[in-house]
Amino acid sequence: MPKVALVRCERYEDSEQAIRKVLELLKFNRKLEGTIFLKPNVCAALSPNRAATTHPLIVRAVIGALREMGAEKIILGEGEGLVAPSDLTLERSGIAAVARETGVDLVRLDKMEHVVVPIPGGKRLKEVKLPRILLECDFFVNIPKLKTNTFTLLSLGMKNLMGLLRREDRVKIHRCDLNIALADLMRVIRPDLTIMDGIIAMEGQGPVLGTPIPLNIVIGGEDVVAVDAVSASVVGVDPEEVEMIRVAWREGIGVGDLEKIEIVGESIASVRRHIKRPIMGLYGRFEGVEIYAGGACIGCLDPVGVILEELRVRNLLERIGKLSVIVGRSPYVPESVEGNVLVVGDCAQEYSHLGRFLPGCPPLISLVNWLMEILSAHRRRDHQSRR
Ligand code: SF4
């Protein structure tokens with residue numbers, strides 16, 4: 001039976017005691033030899049106060065605890081964000097500073113050699129490219145952030161493993177069957193230990209635009225599926241509602257049944273806090289925006305939602321005026337489409353004559369470029385109106 005430790009921690013400054021307590025409750029006292037690889041979640045170039053990334057004080061505390069257990073060679077690694085280079089994400093998140101302070105090696109996985117690893121029995125992925133440095137390490141510690149995700153409901157320990165892949169492979173996997181592909185990935189690479197940063201979590205429109213919320217909890221265990229199941233339950237979500245937990249559990253990758261997990265430390269009920277779930281889906285969500293989506297996959301629908309949310313949060317949607325978004329292979333499109341028209345993704349190319357076409361499959365880069373154009377145009381306008 002896998003064991004998962006739940007430890008209260010009110011402030012990041014107390015992370016060291018919390019991590020020690022987690023390891024003590026897990027009776028995790030093996031001597032660590034060889035190379036230890038740590039993978040925090042550094043998906044965006046944001047300050048740790050935004051709660052989108054693993055807090056640097058947790059990472060520092062994990063490094064300290066591992067050193068107490070004999071670890072000598074520790075490597076801290078992360079790939080690039082979907083829209084930001086790893087140099088920027090690691091600096092802004094404070095993770096690069098932790099590496100400098102503690103003297104561990106910091107590697108940008110996107111710049112490292114990847115090798116093709118076959119996946120025997122893979123349901124969607126028959127092979128995957130993984131960083132050689134990870135494959136050659138002796139012990140792998142996963143340090144995810146507990147947060148919501150408009151794509152997968154929650155982003156937990158398993159989702160953090162996506163950062164091991166190159167951006168082009170992640171983009172492909174995000175387009176379809178993400179949860180089955182993740183289970184496949186875990187057939188060949190699985191963390192030896194997962195320490196979840198739930199001290200300040202994220203609710204609402206995660207994984208980047210949500211709201212920080214104090215949960216004051218650190219969750220740890222050797223079975224990442226069990227850690228994710230407990231984490232989901234802590235925030236009021238039945239583990240079976242989270243597709244990636246369900247799939248990994250059914251595929252026998254780990255244990256998602258709370259009855260079959262030994263919980264040590266706090267009980268789930270004593271720390272549970274129901275968080276605000278993300279609003280998923282686009283229809284009726286953004287005032288002044290008409291969506292025409294037919295046969296579109298999540299690879300387009302999710303980033304469209306994220307970009308519109310970003311504009312809404314910045315009060316820019318109303319300034320753009322009426323907007324129509326056409327997406328997918330077979331949308332219903334009326335004879336006359338109102339306002340500014342955005343045609344998103346290669347599937348919708350035949351409608352490109354109706355407005356601004358944002359190509360790509362998924363069209364991540366062109367959507368981000370469009371967002372940047374809007375932001376800088378409004379910045380310029382605001383600047384001029386102040387003069
Ligand atoms: S272009 Fe089509 S297949 Fe590609 S992400 Fe968009 S909807 Fe999916």
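Select Thr211, which sits in strand S11, residues 211–221; helices (H or I, at least four residues) and strands (E, at least two) are DSSP runs, numbered from the N terminus. Residue numbers start from 1 along each chain as its sequence is written. The model is predicted: local features need pLDDT of at least 70, side-chain atom pairs count only at pLDDT 80 or more, and totals for chains, interfaces and linings use all residues.

Thr211 counts as partly exposed because it has 15 C-beta neighbours inside 10 Å. On this scale, a residue with 20 or more other C-beta atoms within 10 Å of its own is buried, one with 12 or fewer is exposed, and one in between is partly exposed, the C-beta atoms being placed from the backbone. Leaving aside residues up to four places away in sequence, Thr211 touches Met202, Glu203 and Gly204; contact means C-beta atoms, placed from the backbone, within 7 Å.

Next, select Pro207, in the loop between strand S10 (193–203) and S11. The peptide bond joining Gly206 and Pro207 is cis, with omega about 15 degrees. A cis bond also runs from Cys361 to Pro362, with omega near 0 degrees. Pro362 is in the loop between strand S16 (356–358) and helix H14 (364–386).

Two non-glycine residues are worth a backbone check. Ala51 has a positive phi of about 65 degrees and lies in the loop between strand S2 (35–40) and helix H2 (56–68). Ala51 is buried, because 26 other C-beta atoms lie within 10 Å. Leu153, in strand S9 (residues 153–155), has a positive phi of about 75 degrees. Leu153 is partly exposed, with 19 other C-beta atoms within 10 Å.

Now colour by domain: domain 1 is 3–271 and domain 2 is 289–386, with bounds from an automatic or database domain assignment. Their C-alpha centres lie 32 Å apart. At the contact, 10 residues of domain 1 meet 12 residues of domain 2. The domain 1 side has 6 nonpolar, 3 polar and 1 charged residues.

Which residues have the most contacts inside the largest nonpolar core? They are Val62, Val218, Val225, Ala248, Val327 and Val344, in a core of 117 residues. Such a core is a set of buried Ala, Val, Leu, Ile, Met, Phe, Trp, Tyr and Cys residues joined through C-beta atoms within 7 Å. Helix H9 (residues 224–234) gives the largest share, 8 residues. Both domain 1 (3–271) and domain 2 (289–386) contribute residues, so the core lies between them.

Select H9 itself: 10 of its 11 residues are buried, including Val225, Asp228 and Ser231. Just after H9, Gly236 has a positive phi of about 85 degrees. End on Ala248, whose contacts beyond four places in sequence are Met158, Ala183, Met186, Val225, Ile253, Gly254 and Gly256.

Terms used:
Two residues are in contact if their C-beta atoms, placed from the backbone, lie within 7 Å. Ala, Val, Leu, Ile, Met, Phe, Trp, Tyr, Cys and Pro count as nonpolar, Asp, Glu, Lys and Arg as charged, and the others, Gly among them, as polar.
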